[in-house]
Amino acid sequence: HKNKDVPFALRSADNVAEEIQELVERHGVRIFQFHDDNFTLATKDLTLKRLEALAEALHKRGVDTNALGLLIKARPDIIDNEVGDALRALGCTGVFLGIENASKSGLRSLCRATKMERIEEALSVLRERGIAITYNLLVFHPKAKPEEFLENIQFVENHIHLPFDFGRAEIVIGSPLERQVREL
């Protein structure tokens with residue numbers, strides 16, 4: 001499904017809803033994990049349109065979103081009260097939040113425009129809606145500094161009740177991170 005605002009192909013909301021309906025009705029499936037980095041889109045408006053279209057398509061097919069458990073991936077800069085409400089209405093019960101790094105310099109080095117305030121807001125929004133959170137930290141990257149490790153450790157301590165994973169940044173061909181590494 002092509003959309004001029006999205007630089008990659010998306011399955012239509014109707015197509016996804018049809019598959020969910022079939023799995024619910026034929027197999028009794030109630031939990032759906034979307035292992036998709038683009039479940040939420042690049043902007044709030046695009047994300048809301050997509051979530052609302054999916055909710056509408058499910059309701060049109062008689063699928064009770066209150067009886068579903070959707071587990072998704074999301075970027076923290078997209079999650080605000082409105083998006084949180086739309087996720088909850090869709091049946092979202094868990095979010096793997098791509099925090100990436102809990103230091104300003106780490107976020108900048110990883111070419112992430114997210115600010116720490118937005119990360120904290122996203123955590124709060126999800127928590128207030130009873131949506132389970134797991135997050136990641138990419139603490140090992142080409143420009144990592146010792147003070148960043150300490151900031152990331154402090155973040156983990158401040159959110160010790162949340163499951164997380166950490167690792168290294170993976171360099172993808174054509175990404176801003178690849179260009180940085182080539183310049184080193």
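Guide: Leu-150 belongs to helix 6, where helices (H or I, at least four residues) and strands (E, at least two) are DSSP runs numbered from the N terminus. With a relative accessibility of 61%, Leu-150 counts as exposed; the scale used here calls a residue buried under 20% relative accessible area, exposed over 50% and partly exposed in between, with a 1.4 Å probe and protein chains only. From Leu-150 to Arg-50, 100 residues away along the chain, the C-alpha separation is 38 Å.

The model is a predicted one, in which local features need pLDDT of at least 70 and side-chain atom pairs count only at pLDDT 80 or more, while totals for chains, interfaces and linings use all residues. Residues are numbered from 1 along each chain as its sequence is written, and side-chain values use heavy atoms, with hydrogens and water left out.

In contrast to the exposed Leu-150, His-159 is buried, at 6% relative accessible area. Apart from neighbours within four places in sequence, its contacts (heavy atoms within 4.5 Å) are Glu-120, Leu-123 and Tyr-135. Lys-145 is 14 residues from His-159 along the chain, and their C-alpha atoms are 22 Å apart.

Tyr-135 leads from His-159 to the aromatic residues. Together with Phe-140, Phe-149, Phe-155, Phe-164 and Phe-166, Tyr-135 forms one aromatic cluster. In all, the structure holds six aromatic pairs. The rings of Phe-34 and Phe-39 are tilted, because their centres are 4.8 Å apart and their planes stand at 50 degrees; rings of Phe, Tyr and Trp (its six-membered ring) pair if their centres lie within 6.5 Å, with planes under 30 degrees apart counted as stacked, over 60 as edge-to-face and the rest as tilted. Both partners are buried, Phe-34 at 17% relative accessibility and Phe-39 at 9% relative accessible area.

Tyr-135 is also among the residues touched by Phe-96, the others being Ile-72, Lys-73, Ala-74, Thr-134, Asn-136 and Asp-165, when residues up to four places away in sequence are not counted. Phe-96 lies in strand 3 and is partly exposed, with a relative accessible area of 26%. Gln-33 is 63 residues away along the chain, with a C-alpha separation of 10 Å. His-35 is 61 residues away in sequence and 9.4 Å away in space, C-alpha to C-alpha. His-35 sits in the loop between strand 1 (31-33) and helix 2, and its relative accessibility of 64% makes it exposed.

In soluble globular proteins, nonpolar side chains tend to be buried together. With neighbours within four places in sequence set aside, Ile-79 is in contact with Ala-74, Leu-87, Leu-97, Arg-118, Ala-122, Val-125 and Leu-126.

Strand 3 also holds Glu-100, which is buried, with a relative accessible area of 14%. Its phi is near 75 degrees, a positive value in a residue other than glycine. Cys-111, likewise not a glycine, has a positive phi of about 65 degrees. Cys-111 lies in the loop between helix 4 (104-109) and helix 5 and is partly exposed, at 36% relative accessible area.
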